[in-house]
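Here is a short briefing on one protein structure. Look through the sequence and the model, then read the points below.

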Amino acid sequence: MEARALWVLLLVLALGSSGRAEEYIGLLESQCAIPGSERVDCGYPAIGKEDCNNRGCCFDSKTPGVPWCFKPLQETECTF
């Protein structure tokens, strides 16, 4: 029984970790489409993609000289 539980756990972990590496965790891609000059830093020096995403922030290391870990655009709701 223990071996079966271990296999199920491994299967769940494998399925949970599959996916594109470029996806933002819990964020829409449009929320992270922010020009470098408008980015608000959300991390610390040398933060990695995983740690940045775990903070709920966007990560894009393609542009030098701007924050790579930055706050996403917030979706606003209209209330009447």
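Cys52 and Cys69 form a disulfide, with 2.2 Å between their sulfur atoms. A disulfide is counted here when two cysteine sulfur atoms lie within 2.5 Å. The model is predicted: local features need pLDDT of at least 70, side-chain atom pairs count only at pLDDT 80 or more, and totals for chains, interfaces and linings use all residues. Residues are numbered from 1 along each chain as its sequence is written, and side-chain values use heavy atoms, with hydrogens and water left out.

**The Cys52–Cys69 pair**
- The torsion about the S-S bond of Cys52 and Cys69 is about 95 degrees, so this disulfide is right-handed.
- The pair links distant parts of the chain, with Cys52 in helix α2 and Cys69 in strand β2 (residues 69-70), 17 residues apart.
- Cys52 and Cys69 are both buried; buried means under 20% relative accessible area, exposed over 50% and partly exposed in between, with a 1.4 Å probe and protein chains only.

**The other disulfides**
- The whole structure holds 3 disulfides.
- Cys32 is joined to Cys58, S to S 1.9 Å.
- About the S-S bond of Cys32 and Cys58 the torsion is about -75 degrees, so this disulfide is left-handed.
- Cys32 sits in the loop between α1 (2-17) and α2 (49-54), while Cys58 is in strand β1 (residues 58-59), 26 residues apart.
- Both Cys32 and Cys58 are buried.
- Another disulfide joins Cys42 to Cys57, S to S 1.7 Å.
- Cys42 lies in the loop between α1 and α2 and Cys57 in the loop between α2 and β1, so the pair ties together parts 15 residues apart in sequence.
- With the bonded cysteines numbered in sequence order, the pairing is 1-5, 2-4, 3-6.

**Cores and contacts**
- The largest nonpolar core has 6 residues: Cys42, Ile47, Cys52, Cys57, Phe59 and Cys69.
- A second, separate core of 5 residues includes Leu27, Cys32, Cys58 and Phe70.
- Such a core is a set of buried Ala, Val, Leu, Ile, Met, Phe, Trp, Tyr and Cys residues joined through side-chain atoms within 4.5 Å.
- Leaving aside neighbours within four places in sequence, Cys52 has contacts that include Ile47, Cys58 and Phe70; contact means heavy atoms within 4.5 Å.

**The chain as a whole**
- The protein chain has 2 helices and 2 strands, in the order α-α-β-β from the N terminus.
- Helices (H or I, at least four residues) and strands (E, at least two) are DSSP runs, numbered from the N terminus.
- Buried residues make up 21% of the 80 residues.
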